[in-house]
Amino acid sequence: MSQEPFSRGQWKSRVGFILAASGSAIGLGNIVFFAANAYKFGGGAFYLPYLFALFVFGIPVMILEFGLGNFTGRAFPESLHRIAGRKGEFVGWWANLNAGFITMYYITILSWVIGMLFGAFGALWKDSIPVPAFGIAEGDLANPYAYFFHMLSTWKPILYVALVWIFNIIIVRKGAETIESATKVFVPLMWIFMILLIIRGVTLENGMQGIYLLFTPNFEVMKDPSVWQGAFAQTFFSLSLGFGIMTAYASYLPRKSDLTTNSIITSLLDSGFAYIAGLAVFSILFAFAIVPQASTIGMMFFILPQGIGEMPDQSVTVFGVVFFALLLLAGLTSSVSLVEALVSSMRDKFGWSRKRTIAIAAVIGFCGSAIFALPQVVNPGLEDDGTLGLTLLDLFDHWAFSYGLLIIGFCECILVGWFLGADKVRLHLNENSSIKLGAWFDVLIKFVIPLALLVVLGYSVWGEIKDGLFGTSFAENFSEEYGFLRYAPRFALAYWLIICSIAAFLLARRGSFAKAE
Ligand code: TRP
């Protein structure tokens, strides 16, 4: 361990910080997830649970994570250690590890985006190719569909995974400094690309019809508790909460920063992006009478591209490239935020050089992402089935996304609310913020949010038990005929729960931290 105090770095400007934080928040989740869910949950009605979750949970927890990082000047594990000792630090590492899994498969998804981006220059729009591994015959399906599955059944995505990791390394190489330079270009470009897609969508014949559908509420579905569960989990994921990201990013801000306003701006930019993305998605799909899908992967890789493929000739390549480039930019500005959060946590603890820390994170991360890109086809006979990598991705996503982030949100509210006292963070925030938080904030952090998260988590667990602990689709997909693979769901669950906990325990057991400037 080095004895020299190491430099943590700082954002150069407030705008730079907001661009980086909103770049983290706006990701793949914003572009199609909102639209996919709005469709699944009856159009306009999904706005209400989503807005509710944003104001009552999203924004306050974002304020909390920003406040925590700035109050302590450290990344998640050390900042929680300062509040609640080893148990706090345990939660911090656990959050990093859980988020580490999400990053691994998120980067795999980005590798497929790269493959599709290459295709968008030509091959993606040609006649449909057969994909024997998935039982797809020539001309069976629109080409983006066949192209995507064809790519999945090859080893190429592993190469693209390496490429995405290299991009990540380049962007985080000097921490806040290089992230700020990259997001200053990427984030505005993302907004421009999105606006271009909206203009193209609404000017297509019948494009506006789709938008009417999006805004026609069906209030019946709001009685379904899974709508609320979906809205909560999505709010955390979309705002990058429960990852330890916002804490790490805010630790690079000067202590006199207006964090409350920054949190609100970042959150509104994030949900605003998701709402306007809905306009593009629904108008493009409706213009060509394509039925949306509830699955994010499906929407991203073949449903929406199928719509783009039906546009007038001169639009196809241009908007196809714009769409996949948009996904890549949005995804990269999100993935780098977690790589940086991990690097920041490890450096706080061990005081390693930036180079060494990044190298360790990238090697482990690359291996993990490569596993999710494994091309072996599990069972071509089954519908909705994918490769081994895709299947593992589904399983890990199920635990890390639907449970992990919410569990961490619960723990951080308890730690700050009950161990430190929410008023301490609030007073720190109020010192420099133009928007002053009242005592209601303490009530939200101590009681309302943890209680609501418990209800949502309890509801999910009850669903697992009812469906045989692994969710219906998993249980069906992993029947006897899979040989040893039928243990995969249990393996994923144990791996996620036991390995994350043991690793977090070991990391938190050593009490000391490196000195920073
Ligand atoms: N907020 C991102 C989204 O909506 C998700 C995200 C942020 C993320 N940071 C991440 C995912 C780091 C993986 C790794 O898509």
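1. The model is predicted, so local features need pLDDT of at least 70 and side-chain atom pairs count only at pLDDT 80 or more, while totals for chains, interfaces and linings use all residues. Residues are numbered from 1 along each chain as its sequence is written, and side-chain values use heavy atoms, with hydrogens and water left out.

2. There are three cavities of 30 Å³ or more, where a cavity is a set of points on a 1 Å grid over the protein atoms alone at which a 1.4 Å probe fits but cannot get out. The largest cavity holds about 160 Å³ of space, a volume being the space filled by probe spheres set on the points, which are joined across faces, edges and corners.

3. The lining of the largest cavity consists of 18 residues, and Tyr106, Phe237, Ser240, Phe243 and Ser334 lie nearest its centre; lining residues have an atom within 4 Å of a point. Helices H1 (14-25), H2 (28-40), H4 (76-120), H9 (225-238) and H13 (313-350) each supply at least two lining residues, and H13 gives the most, with four. Helices here are DSSP runs (H or I, at least four residues), numbered from the N terminus.

4. By class, this lining has eight nonpolar, 10 polar and no charged residues. Ala, Val, Leu, Ile, Met, Phe, Trp, Tyr, Cys and Pro count as nonpolar, Asp, Glu, Lys and Arg as charged, and the others, Gly among them, as polar.

5. The second largest pocket contains about 660 Å³ of space, a pocket being an open set with protein on both sides within 12 Å along at least five of seven lines. It is lined by 28 residues, and Leu97, Gly100, Phe101, Met104 and Ile364 are the closest to its centre. Two or more lining residues come from each of H4, H13, H14 (354-372), H15 and H18, and the lining divides into 23 nonpolar, five polar and no charged residues.

6. Helix H15 (residues 388-432) packs against helix H18 (residues 488-509) at an angle of about 30 degrees, with their axes 9 Å apart; axes are lines fitted to C-alpha atoms over the stretch in contact, and angles run from 0 to 180 degrees between N-to-C directions. Among the residues that meet are Trp399 and Tyr403 in H15 and Leu493 and Trp496 in H18, contact meaning heavy atoms within 4.5 Å. This contact has 12 nonpolar, one polar and no charged residues.

7. For H4 and helix H5 (residues 143-152), the axes come within 11 Å and cross at roughly 130 degrees.
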